[in-house]
Amino acid sequence: MSGTKDKIVSMADRLVRTKGFNAFSYKDISDPLAIKNAAIHYHFPAKADLGAGVIDMEIARFDANIEKWKKLPEDVQLQKLFDVFRKHSSAGNICLIGSLAADFETLTPAMRDKVHTMATRILVWMTDCLETGRKHKRLHFNGQAEDRALIIMSNLQSSLLLSRILGPATFRKIADQLLEDLR
């Protein structure tokens, strides 16, 4: 991506995580970046194209992270994922999947497919990480790994939402308890 395109996608990512996909306009991006709306339309003719760019960036970031983490013990890999959420909590962001889920019915079919792909990739990775961690006796939980992954994903997403209301310590309490329950 070009420098301007990267900045547009990064700003859109921040806006989706703080305001929601339907709650911002190209002007919310062009003003802080000191560019014209036409520059955004050049790279992203429709808002759905921009949304797809945000999702693609997050998938690439996730893929890069799991590549870096793959040789670590499974409990440490999960801790690394929790650290990503912790950074978002500190920045006042909510989960991209959670934010887009709120607007899901208004998204284009292509964007819905991308959100589904992103959620599925994370779920598959986490399920594998949990199952492998259980086999190596690094993680302990009852039930199916996929079910536990769904519980963890939903708790991480909701912890970011609740942190907005109840304060930043809320994320830490939820994340620490989730990890404690697995160890």
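**Notebook: pockets and salt bridges**

I started with the second largest pocket: α4 and α5 each supply at least two residues of its lining. Helices here are DSSP runs (H or I, at least four residues), numbered from the N terminus. This is a predicted model, where local features need pLDDT of at least 70, side-chain atom pairs count only at pLDDT 80 or more, and totals for chains, interfaces and linings use all residues. Residues are numbered from 1 along each chain as its sequence is written, and side-chain values use heavy atoms, with hydrogens and water left out.

**Second largest pocket**

I listed the lining: Asn65, Lys68, Trp69, Lys80, Asp83, Val84, Lys87 and His88. A pocket is an open set of points on a 1 Å grid over the protein atoms alone, where a 1.4 Å probe fits, with protein on both sides within 12 Å along at least five of seven lines; lining residues have an atom within 4 Å of a point. α5 gives the most, with five residues. By class I read two nonpolar, two polar and four charged residues. Nonpolar covers Ala, Val, Leu, Ile, Met, Phe, Trp, Tyr, Cys and Pro; charged covers Asp, Glu, Lys and Arg; the others, Gly among them, are polar. The volume is about 160 Å³, taken as the space filled by probe spheres set on points joined across faces, edges and corners.

**Largest pocket**

Here the volume is about 270 Å³. I found 20 lining residues, with Glu58, Leu81, Val84, Phe85 and Ile122 nearest the centre. α4 has the largest share, five residues. The lining divides into 14 nonpolar, three polar and three charged.

**Salt bridges**

I looked up Glu58 next. Its salt bridge (Lys or Arg side-chain nitrogen within 4 Å of an Asp or Glu carboxyl oxygen) is with Arg17, closest N and O atoms 2.8 Å apart. Glu58 lies in α4 and Arg17 in α1 (residues 3-18), so the pair ties together parts 41 residues apart in sequence. Both Glu58 and Arg17 are buried (under 20% relative accessible area; exposed is over 50%, partly exposed in between; 1.4 Å probe, protein chains only).

I also checked Glu131 with Arg134: closest N and O atoms 3.1 Å apart. They are three residues apart in α7, so about one helical turn separates them. Salt bridges that share partners join Asp13, Arg17, Glu58 and Arg61 into one network.

**Confidence**

Mean pLDDT (the predictor's confidence in each residue, 0 to 100) is 94 for the protein chain, and 99% of its residues reach 70 or more.
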